[in-house]
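Here is a short report on one protein chain.

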Amino acid sequence: MSYSSGEPPLATEIHPTVSEDAHTILINKVSWGAIFAGVVVALVVQILLTMLGVGIGLATLDPGTGDNPAASTFSIAAGIWYVVSGIVASFAGGYIAARMSGKTVPTTGALHGLTTWAFTTLLVLYFLSTTVGSLVGGAFSGISSAIGGVGQTVAQTAAPALENINPLDEIEAQVRATGNDPEALNTAAVNAARALVTGDEEGRDEARQQAAQALANARGIPVEEATQQIAQIEQRYQQTVDRVQQRATEAAEAAASGASTGAILAFVALVLGAIAGWLGGRSGVVHPVYADRVIPTRNRL
């Protein structure tokens, strides 16, 4: 076949018919009613599994003997249970949403499942941040404490009773060690020693002399001996301050590590939940043959 212009004619463009457009729109249209049903199922499954986890956890306690698992063990187990229950709830919600939407395309069903997971996650976050969570029975409160429990436990272990350590109180105990001197002289010596350790570096020598003199008057000892005792008080004070600072640093590091662990756990749980919702949606799509039987007019769209 020859062409007058020497070039083959352009291929005829194929335009979809109205029925084909309508069919494409129908199989990909979002079904908010099905998504809402999936969200309800996901929330209920999450609550049921959380209550089951609480029941199992309480069953392991033995108040009579006191032979109970450590708090860190409870926190780790609660975190793992939260991740697993979130995966199961997301899969169930995604499956119900895709099945009730009547979609036959796996990708469309998977998107319904993913949307269900996202909607459920927003509702859970809302429950955790408002008083509405108490109406659900407090189940969602246990979810948040399960994540943060690891960091709190580590921080409490790293810095026990920091609030009970006061270097200035130790100074007073050291000055009043004799217990037989006049109260006014003891008070003067305590105030002088406190002024020494809390004052500026510039007036430290003068403050040291005043403290030594006050201590000598309170205990009836030579100034030279009082000066040695003041030096010991300064050294013990600095050691106490260093110890408190070290424990505070350890507590801060433990709290930061716990918060980081909780955030990573929450991230992993959300990602796994999204994957479970996607797979649940793909699993819940209606088979085309079944859809043809339920809706005979579907093939004519």
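## Fold

Along the sequence, the protein reads α-α-α-α-α-α-α-α-α-α-α. It has 11 helices and 0 strands. Helices (H or I, at least four residues) and strands (E, at least two) are DSSP runs, numbered from the N terminus.

Of the 301 residues, 32% count as buried. Buried means under 20% relative accessible area, exposed over 50%, and partly exposed in between (1.4 Å probe, protein chains only). Among contacts with a separation of 6 or more, 76% join residues 24 or more positions apart. A contact means heavy atoms within 4.5 Å.

## Model and confidence

This is a predicted model: local features need pLDDT of at least 70, side-chain atom pairs count only at pLDDT 80 or more, and totals for chains, interfaces and linings use all residues. Residues are numbered from 1 along each chain as its sequence is written, and side-chain values use heavy atoms, with hydrogens and water left out.

The mean pLDDT (the predictor's confidence in each residue, from 0 to 100) is 74, and 63% of residues reach 70 or more. Residues 146–163 stay under 50. That stretch has 28 contacts beyond four places in sequence in the model. Residues 297–301 are also below 50, with 9 contacts beyond near neighbours in sequence.

## Helices H9 and H10

H9 spans residues 204–219 and H10 spans residues 223–283. They pack at an angle of about 115°, with axes 8 Å apart. Axes are lines fitted to C-alpha atoms, for helices over the stretch in contact, and angles run from 0 to 180 degrees between N-to-C directions. H9 contributes Arg 204, Arg 208, Ala 211, Ala 212, Gln 213, Leu 215, Ala 216 and Arg 219 to the contact. H10 contributes Val 223, Ala 226, Thr 227, Gln 229, Ile 230 and Glu 234.

Arg 208 sits in H9. Its relative accessible area is 24%, so Arg 208 is partly exposed. Beyond neighbours within four places in sequence, Arg 208 touches Leu 196, Ile 230 and Glu 234. The C-alpha atoms of Arg 208 and Ile 230 are 7.4 Å apart, at 22 residues along the chain.

## Aromatic pair

The structure holds 1 aromatic pair. The ring centres of Tyr 126 and Phe 127 lie 6.2 Å apart with planes at 50°, so the pair is tilted. Rings of Phe, Tyr and Trp (its six-membered ring) pair if their centres lie within 6.5 Å; planes under 30 degrees apart count as stacked, over 60 as edge-to-face and the rest as tilted.

Tyr 126 is partly exposed at 42% relative accessibility. Phe 127 is buried at 14%.
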